[in-house]
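Reader: I am new to this structure and would like a close look at a single part, the place where one chain meets the other. Please take me through that part slowly, and then show me how its surroundings are held together.

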Amino acid sequence: MIAEILGNGYVQLGMKLGVLMILLPATLALGWVELKIGAHMQARMGPMYPGGFHGWAQTLADGIKFVLKENIIPKNADKSVFSMVPYVTMLGAALIYVVIPAGENLVIENLEVGVFYVLAASSIGVIGVLMAGWASANKYSMMGALRAAAQLIAYELPLVLAAAAVAMMAGSLSLVDIVEGQKQIVLAGFYIPFLPFQIIGFVIFLIAATAEMTRPPFDMPVAEAELITGAFTEYTGIRFAFSLFAAEYITMIGLSAFGATMFLGGYAPLHTALEFIPGIVWLLAKTGTILFLLIWIRWTFPRLREDQLQKFAWKVLIPLSLVNIFITGALKLTPWI
Amino acid sequence: MQGLIFLVVAATSGFAAVRLVTNKNLVHAALYLVVTLMGMAIIFLLLTAEFVAWVQVLIYVGAVIVLLLFGLMLTRAQIGKTALDRQQRWVAGPVALVLFGVTAPVLWRFFDGRTISLDRQSGNTEALGTEIFTKFVLPFEVVSVLLLAALVGAVFLAKKD
């Protein structure tokens, strides 16, 4: 695989740089969208002034503010571990994009084990959170990191099992094959994605992804009211912006694109008559749909309690995802699919 | 090129492995273990065993190390810098040497002079799955029963108090 990446030349290098260059502006844009949607759901206006039109430059201004702020490392902190955290969290977030296909051949690396790779990459970030909590030498940070680790381990399992059911449907772990598998069933010209067969899996995926990103209603690790932003309490300036906000939004876009590919058909068009619209537009539209669902969830549900969260993962989601795998197996055996 | 990458990765993970045992700070040691395990994942990638490589990342880096750090942070490693050393190098050293002395000759004899073709078939997920669930299905089941026993044991121990 390494040899292939090196051998594939400038096109792939360009794609990689392109993805990296798009990621940060996309983070800022998503931040603004989230502020606006959240505000309107609560009958507020949200940011209105920066930049003129509906405060579009709010997150840009926030970003500049973060860059200009002083970068403080606490005196008792473990300095090397403390300053390594933003790299670890960003690495886990950015690796996801390698395998998301925007077209049958438009993918940075069509890994044979793409689904598995995404899950493995997204699990790296936990280490960053634990490092942050421990290195800060602050009991709130520590508490937040422990909560985060317990939560991420608990919700990783339903995520993996939900993804396993989709892989069973497609009979492959490659994301390109999974999208092609969703082009098989055509009803009156409409491509039918896995969503109707995997509705349980999709709901589990949404819940587990929200928990993996420690977004409300699963934000106990950063609970502002109790833990003053948990593991990242001691972080300031650009380190804070990268290890908390950028990592969260980049993971959010990445997991949404992953979900769009797995359940909504990724780059496949909705209807055979709409084939002329390029795949990347479909992928972005479907990713946007999932992003909106995630933002909607965030601003609608109240926060859970720590024990409720663990019970929900182990006693509801995991058994449910096992049932889902069983149903998927039964579906695979029915002759008409 | 692959040889060069192998050298760099092997040197890095070797260095991390040495630091892992010589380090006085337990959490640092655990983080060096992350580097070592990631290095091994890259070596699996170089051998075109993609599935094994990502299993290594998902299970070891994503779960085992996290559990390890979790346990360390909850119990032993106080916040900030504390040296924790049980002074058991005299026991640990010989044990490690014996293990090395047993495994190294076996690996040497088995792989000496062998060339393994690195076509993508050998590390193929499908081939691996077929092997595990046909040829090695009994060992696989035995291992899962073992894990189940460990799980039941853990529940029993936790129930007591």
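Author: Chain B holds six helices and zero strands, and read from the N terminus its elements follow the order α-α-α-α-α-α. The model is a predicted one, and what follows should be read with that in mind. Chain B has 161 residues, of which 25% count as buried; among its contacts between residues at least 6 apart in sequence, 59% join residues at least 24 apart.

Turning to the meeting place itself, 36 residues of chain B are in contact with 34 residues of chain A. The size of an interface is often given as the accessible area lost when the parts come together. Here the two chains, B and A, bury about 3,100 Å² between them, and 78% of that area lies on carbon and sulfur atoms. Between chain B and chain A the count of salt bridges is zero, and the rule likewise finds zero residue pairs in polar contact across this interface, where both residues must be at pLDDT 80 or more. On the side of chain B that touches chain A, the elements giving two or more residues are helix H1 (2–22), helix H2 (26–46), helix H3 (50–75) and helix H5 (125–135) of chain B. Of these, H3(B) gives the most, with 15 residues. Sorted by kind, the residues on this side of chain B divide into 23 nonpolar, nine polar and four charged.

Returning to A:Met262, its contacts, leaving aside residues up to four places away in sequence, include A:Leu175, A:Ile178 and A:Phe194.

A:Ser172 is found in the loop between helix H7 (139–170) and helix H8 (175–181) of chain A, and A:Ser172 counts as buried because its relative accessible area is 17%, under the 20% limit. The side chain of A:Ser172 reaches the backbone nitrogen of A:Ser174 at 3.0 Å, and a polar contact of 3.0 Å also joins the side chains of A:Ser172 and A:Asp177.

Lastly, there are the charged pairs, for which the count over all chains comes to seven salt bridges. In one of them the side chains of A:Arg147 and A:Glu306 meet at 3.8 Å, N to O. This pair links distant parts of the chain, with A:Arg147 in helix H7 of chain A and A:Glu306 in helix H13 (residues 306–333) of chain A, 159 residues apart. A:Arg147 is buried, with a relative accessible area of 17%, whereas A:Glu306 is partly exposed, with a value of 22%. Another salt bridge joins the side chains of A:Asp307 and A:Arg305 at 3.0 Å, N to O; A:Asp307 is partly exposed at 36% relative accessible area, and A:Arg305 is partly exposed at 49%. Salt bridges that share partners also join A:Glu34, A:Arg215, A:Glu248 and A:Arg298 into one network.

Note on methods
Residues numbered from 1 in each chain as written. Chains lettered and ligands numbered in written order. Predicted model: local features only at pLDDT ≥ 70, side-chain atom pairs only at ≥ 80, totals over all residues. Heavy atoms only, no water. Contact = heavy atoms within 4.5 Å. Buried area = accessible area lost by both parts, 1.4 Å probe. Salt bridge = Lys/Arg side-chain N within 4 Å of Asp/Glu carboxyl O. Polar contact = N/O pair within 3.5 Å; in protein donor to acceptor, adjacent residues only side chain to side chain. Helix = DSSP H or I, 4+ residues; strand = E, 2+ residues; numbered from the N terminus. Nonpolar A, V, L, I, M, F, W, Y, C, P; charged D, E, K, R; others polar. Buried < 20%, exposed > 50% of the residue type's maximum accessible area, 1.4 Å probe, protein only.
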